[in-house]
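Open the model in your viewer and keep the selection tool at hand. This tour goes stop by stop.

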Amino acid sequence: MGANIFDPANLTGAIMTLAVLTFLIKDNPVFDLFQNGFVGLYFAYSIGLTYHSYIRPTIVDDIAKKGQYSYIIPVVLGLLVYFMFVPSLNWIARYPMSFWVGYGAGYILAFQPGSLMPQIYNTFIKFYGKASFLDNLNAILLFISVVTALAYFFFTVRKQGTAVGFAAETGRWVIMIALGAAFGSTVLYRITLFVGRMQFLLGDWLGILK
Amino acid sequence: MLLAAEAAKPYLGVFAEGKFAQFVLMLVFAFIVWFMVTRAKAGMKVPEIRKINGLEALDEAIGRATEMGRPVHFTPGLGGVGNPMTFAAFGFLGYVAKLCAKYDTRLIQTNADYVVLAINEEIIRQAYLEAGRPDAFNSDDVQFMSDQQFAYAANVMNMFQKDKPAANIMMGAFWAESLIFAETASFVGAIQIAGTAATAQLPFFITACDYTLIGEEIYAASAYLSKEPVLYGSLVGQDWAKIFVFALILVGTVIANFQAKGNWLTSILKK
């Protein structure tokens, strides 16, 4: 399939990509125009999405047609937030906010610890009897990494020159090595994204790459 | 019928599979924290918290912005109220806002979540009130940018270019927008303090920011900054809870290596 420079979709994509890349030279009006256009477009899309996915189905379908009147409570709570724009009555907006904070705290307490137990007992591993010597070594490394990284996050019992201090210092190195590996893999992913954009510009749009 | 027959029987008639041990552990942690908070309230000695460089630098960053006559920017990231990192950011924001009010430095606070926006506005308003400067609070500086990740990032980039903050503080839950923020703030010469428990974003903060709080350190921030005995006691309690987990891992690993078959501690923790 040959390239089509004047295809509206390709042309729009290419102009927008190049406009965004101009930021690499310096901040400029072309970049600003497309940046603000992007923000505006997303904002309009969000309003449409929210209306069609949440507001309309809840009010028209759930409340009016199906008679699920309990849904009126969250609708009213949501509307109370708008009192923040009325200076003399903005205290009313604190009630839905309090509800949200309470809900958030409860949600964290109920669902976040769910992964704690498996994380603990999955660290109980044998250091021997695995398929190869490297697998055994890996198990030992995993154990050392977990306990030393945990020691790094002790805020009160850490003392220099003690076993906990040594473990915490080792943990710091373990964390840095892990983050270095994560950095490498993410940079690689970002380069892949950049290559994708270049393939679009030079292949799909200009047809230089086959 | 088949599903009903296969469903696991609740442990002790109440607990879903794997939840009993979790419940007991939560009670143990709650007791430890309560005990330490009670000690702190009673004025008994509580251990010192080790130095956290990122938090020590906060006064310096806001002071620098004051001297340069440029604003401070604070973002809690993309997390909502169901995210513990956002809760950590709330405590941090209160301290930052109070310092900004004290030094009469403009604080620009951007948001990607409308509920978090409303809460942050109240936190900042309260901080200005406590600092004795309610008149200096400007609600226009607490901004909702967009709930879409990259539209939010583009808007924050735009703000960096136009307002050129001298200090950029990023505390909370971040995803791929983290490097966009950090790079642009670095581009305009802002001193940067970041903190998150999102492990995928930490490497970017470490490379692009001046100070980075790693994981658990962001949860210690409120206690560390406020120096309030009750929060201090709670932090000490959390530390002891971590020591408890540390001990569990050591014991469990010893059992795994010496018990011929299975691991009785794992069986208990799976209840």
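**Stop 1: a pair of residues in chain B**

Select B:T196 and B:I214. B:I214 lies in β6(B) and is the bridge partner of B:T196. Keep in mind as you go that this is a predicted model.

B:I193 stands opposite B:Y211 of β6(B).

Strands of a sheet pair through backbone hydrogen bonds, either parallel or antiparallel.

**Stop 2: side chains on β6(B)**

Show side chains for residues 211-214 of chain B, which make up β6(B). Which residues of β6(B) point one way, and which the other way? B:Y211 and B:L213 take one direction, while B:T212 and B:I214 take the other. All of them are buried. In a regular strand the side chains alternate between the two faces of the sheet.

**Stop 3: β5(B)**

Move to β5(B) and show its side chains too. B:I191, B:I193 and B:G195 point one way. B:Q192, B:A194 and B:T196 point the other way.

Why is β5(B) largely enclosed by the rest of the structure? Six of its six residues are buried, so the strand is largely enclosed.

Look at the other pairing of β5(B). Five bridges join it to β4(B), and the two strands run parallel.

**Stop 4: the crossovers**

Select β4(B), residues 177-187 of chain B and β5(B). Residues 177-187 are helix α8, and the three elements make a right-handed β-α-β unit.

Next, select β5(B), residues 202-208 of chain B and β6(B). Here the helix is α9, and again the unit formed is a right-handed β-α-β unit.

**Stop 5: the whole sheet**

Show every strand of chain B. Six strands form an open sheet with parallel pairing, in the order β3-β2-β1-β4-β5-β6. β3 (142-144) and β6 of chain B are the edge strands, each pairing on one side only. On average, neighbouring strands are turned by 15° against each other, direction ignored.

β2 (residues 107-111) of chain B pairs with β3(B) in the parallel sense over three bridges. Select B:T110 there: it stands opposite B:Q143 of β3(B).

Then select residues 217-226 of chain B. This is helix α10, which packs on the sheet and touches β4, β5 and β6 of chain B. The direction of α10 makes about 105° with that of β6(B).

**Stop 6: two loop residues**

Select B:L12. It sits in the loop between α1 (2-6) and α2 (20-41) of chain B. Most residues other than glycine have a negative phi, and most peptide bonds are trans. Is B:L12 buried or exposed? B:L12 is exposed, with 7 other C-beta atoms within 10 Å.

Jump to B:K164, in the loop between α7 (149-163) and β4 (167-173) of chain B. B:K164 also has a positive phi, of about 45°, although it is not a glycine. B:K164 is partly exposed: 16 other C-beta atoms lie within 10 Å.

**Stop 7: chain B as a whole**

Zoom out. Chain B has 12 helices and six strands. Its C-alpha atoms fill a box of roughly 65 × 50 × 35 Å along the principal axes. Of its 271 residues, 47% count as buried.

Colour the domains. Domain 1 of chain B covers 53-225, and domain 2 covers 228-256 + 264-271. Their C-alpha centres lie 32 Å apart.

Select B:K261, in the loop between α11 (229-258) and α12 (264-269) of chain B. B:K261 is exposed, with 4 other C-beta atoms within 10 Å. Draw a distance from B:K261 to B:F137: their C-alpha atoms are separated by 65 Å.

**Stop 8: the contact with chain A**

Bring in chain A. The contact takes 45 residues from chain A and 53 residues from chain B. On chain A, α2 (29-65), α4 (94-111), α5 (116-121), α6 (133-152) and α7 (163-205) each supply at least two residues of the touching side. The largest share, eight residues, comes from α4(A). Colour this side of chain A by class to finish: it has 33 nonpolar, eight polar and four charged residues.

Key: Residues numbered from 1 in each chain as written. Chains lettered and ligands numbered in written order. Predicted model: local features only at pLDDT ≥ 70, side-chain atom pairs only at ≥ 80, totals over all residues. Contact = placed C-beta atoms within 7 Å. Helix = DSSP H or I, 4+ residues; strand = E, 2+ residues; numbered from the N terminus. Nonpolar A, V, L, I, M, F, W, Y, C, P; charged D, E, K, R; others polar. Buried ≥ 20, exposed ≤ 12 C-beta atoms within 10 Å, placed from the backbone. Pairing = 2+ DSSP bridges. Right-handed = clockwise from strand over helix to strand, strands pointing away. Domains from an automatic or database assignment. Axes fitted to C-alpha atoms, helices over the stretch in contact; angles between N-to-C directions.
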